[in-house]
Amino acid sequence: MSVKILGIESSCDETAAAVSVDGRTILSDIIYSQVEEHKKFGGVVPEIASRRHCENILTTVEQALAKAECTLNDLDGIAVTYAPGLIGALLVGTGFAKGLAMASGLPLVPVHHIAGHIASVYITHPDLEPPFLCLVVSGGHTMLVRVHDHTRFEVIGRTHDDAAGEAFDKCARVMGFPYPGGVHIDKAAQSGDPHAYKLPIPKVTGCELDFSFSGLKTAVINLAHNSEQKGVEINKNDLAASFQHTVSEILVSKCMLAAEMYGYKKIALAGGVSANSGVRSCLQTECEKRGYDLFMPHISLCGDNGSMIACQGYYEFMAGKRADIDLNAVATMSLE
Ligand code: KG4
Ligand code: ZN
């Protein structure tokens with residue numbers, strides 16, 4: 001008997017819903033992105049995000065069920081992102097999922113957003129099974145995770161300040177790109193020289209697997225401002241390429257160090273920044289050199305989506321994880 005899970009995601013600026021069968025088969029994946037609206041403000045406006053989630057969640061879920069050709073009666077559970085993220089945004093998804101679970105009598109399964117990102121790799125690579133090491137790089141998180149099994153995680157490296165995606169977006173802004181800027185840096189970098197600008201590799205005190213991006217971000221911002229004051233034009237493509245190259249080096253070198261320290265030969269990449277062509281190719285090169293197997297999500301699954309929640313929801317469901325009507329949304333929560 002197969003297990004069908006509806007996954008609901010609303011932690012930031014995407015309202016998304018999907019239906020999975022036995023975790024890795026996705027029957028439908030509906031995403032309503034609010035990005036065009038937030039673009040006007042140069043970043044996500046939490047109040048607007050919550051309002052749009054409220055307006056769109058019902059249609060998004062209805063469409064996901066319709067596309068999957070199923071009704072609530074065909075489902076085995078309802079999975080929802082309950083942490084971490086924007087609290088008002090998370091509340092819309094959790095509130096909706098709780099109502100649906102109560103009305104239908106279906107089990108409610110809480111999913112951690114980062115566990116969802118990790119699960120996006122299972123959808124792309126049906127052959128991937130834990131244990132493996134996962135480099136998670138998103139707009140809000142940068143971490144190295146030991147994936148012991150589908151629902152057990154150990155974080156062995158984390159950022160002390162900005163997340164990689166945050167650094168991409170802030171540097172993109174100073175280069176004049178619209179929000180979210182990561183993808184624009186990626187595009188500009190394709191025609192730039194990655195060695196044109198010498199950018200600092202931030203030093204991190206304490207754990208050698210931890211990250212820091214604020215020094216690098218500040219260096220890019222200062223470079224752009226100083227050039228502007230002197231009336232010297234920066235070469236955007238070169239700066240984008242240099243920044244992307246430096247971020248890739250930082251991420252990949254720490255990931256390789258972690259793999260060596262813990263003896264992993266299976267490496268995965270997840271989160272919004274996993275769409276970055278520089279990070280992907282740098283990781284691929286280093287994994288090939290060492291004979292490691294690399295698993296990356298399909299580009300369409302790198303950003304926030306419902307499939308990853310429906311997939312992780314299946315594993316949480318099978319592990320017996322359930323929430324009841326007092327499930328609360330939580331803005332900050334460790335993956336462990
Ligand atoms: O995982 P995600 O969709 O949301 C969070 O959970 O935070 O990640 C969004 C982040 C943004 O910072 C966005 O600029 C970045 O992922 N991003 C990229 C690319 N595509 C998305 N960064 C660099 N290169 C890309 N191609
Ligand atoms: Zn995300």
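Modeller: Helices here are DSSP runs of H or I with at least four residues, strands are DSSP runs of E with at least two, and both are numbered from the N terminus. The model is predicted.

Biologist: Where does Asp22 lie?

Modeller: Phi of Asp22 is near 50°, a positive value in a residue other than glycine. Most residues other than glycine have a negative phi. Strand β2 covers 14–21 and strand β3 covers 25–33.

Biologist: Does Asp22 count as buried, partly exposed or exposed?

Modeller: Its relative accessibility is 35%. Buried needs under 20% and exposed needs over 50%. Asp22 therefore counts as partly exposed.

Biologist: And Glu69, buried or exposed?

Modeller: Glu69 is in the loop between α2 (46–67) and β4 (77–83). Its phi is also positive, near 55°. Relative accessibility is 72%, and the cut-off is over 50%, so Glu69 counts as exposed.

Biologist: Which residues are the protein donors of the zinc ion, ligand 2?

Modeller: The donor atoms lie 2.0 to 2.1 Å from the zinc ion. Two are NE2 atoms of histidines, and one is an OD atom of an aspartate. The residues are His113, His117 and Asp304.

Biologist: Are His113 and Asp304 buried or exposed?

Modeller: Take His113 in helix α4. Its relative accessible area is 6%, under the 20% limit, so His113 is buried. Asp304 belongs with it: both residues are buried.

Biologist: What separates the C-alpha atoms of His113 and Leu72?

Modeller: The two residues are 41 residues apart along the chain. Their C-alpha atoms are separated by 23 Å.

Biologist: How far does a polar side-chain atom of His113 lie from an oxygen atom of ligand 1?

Modeller: A side-chain N or O atom of His117 is 3.0 Å from an oxygen atom of ligand 1. For Asp304, a polar backbone atom is 3.3 Å from an oxygen atom of this ligand. For His113, the distance is 3.1 Å.

Biologist: How much of the accessible area of ligand 1 does the protein cover?

Modeller: Ligand 1 sits in the largest pocket. On its own, the ligand has 560 Å² of accessible area. The protein covers 85%.

Biologist: Which of the 19 residues around ligand 1 come nearest?

Modeller: Helices α4, α5 (164–174) and α6 (182–189) each supply at least two residues of the shell. Those that come nearest are Gly139, Asp169, Asp186, Gly272 and Asn276.

Biologist: With which side chain does the side chain of Asp162 make a polar contact?

Modeller: Asp162 lies in the loop between β8 (152–158) and α5. At 7% relative accessibility, it is under 20% and so counts as buried. Its side chain makes a polar contact at 2.7 Å, and the partner is Lys217.

Biologist: Which residue does a cis peptide bond join to Pro131?

Modeller: Most peptide bonds are trans. Pro131 is in the loop between α4 and β6 (132–137). Omega of the cis bond is about 5°, and the residue joined to Pro131 is Pro130.

Biologist: What is omega for the cis peptide bond of Tyr179 and Pro180?

Modeller: Pro180 is found in the loop between α5 and α6. A cis peptide bond joins Tyr179 to Pro180, with omega about -10°.

Biologist: Is Ile114 buried or exposed?

Modeller: Ile114 is in helix α4. Its C-alpha atom is separated by 33 Å from that of His195, 81 residues apart along the chain. The relative accessible area of Ile114 is 0%, so the residue is buried.

Biologist: What separates the C-alpha atoms of Ala172 and Lys254?

Modeller: Ala172 is in helix α5. At 0% relative accessibility, Ala172 counts as buried. Lys254 is 82 residues apart from Ala172 along the chain, and the C-alpha separation is 24 Å.

Key:
Residues numbered from 1 in each chain as written. Chains lettered and ligands numbered in written order. Predicted model: local features only at pLDDT ≥ 70, side-chain atom pairs only at ≥ 80, totals over all residues. Heavy atoms only, no water. Donors = N, O, S within 2.8 Å, 3.2 Å for Na, K, Ca; no water. Buried < 20%, exposed > 50% of the residue type's maximum accessible area, 1.4 Å probe, protein only. Near = heavy atom within 4 Å. Polar contact = N/O pair within 3.5 Å; in protein donor to acceptor, adjacent residues only side chain to side chain. Areas by Shrake-Rupley, 256 points an atom, 1.4 Å probe, with all protein chains shown as cover. 1 Å grid on protein atoms, 1.4 Å probe; cavity = no way out; pocket = protein on both sides within 12 Å on 5 of 7 lines; lining within 4 Å. Sits in = over half its atoms within 2 Å of the grid points.
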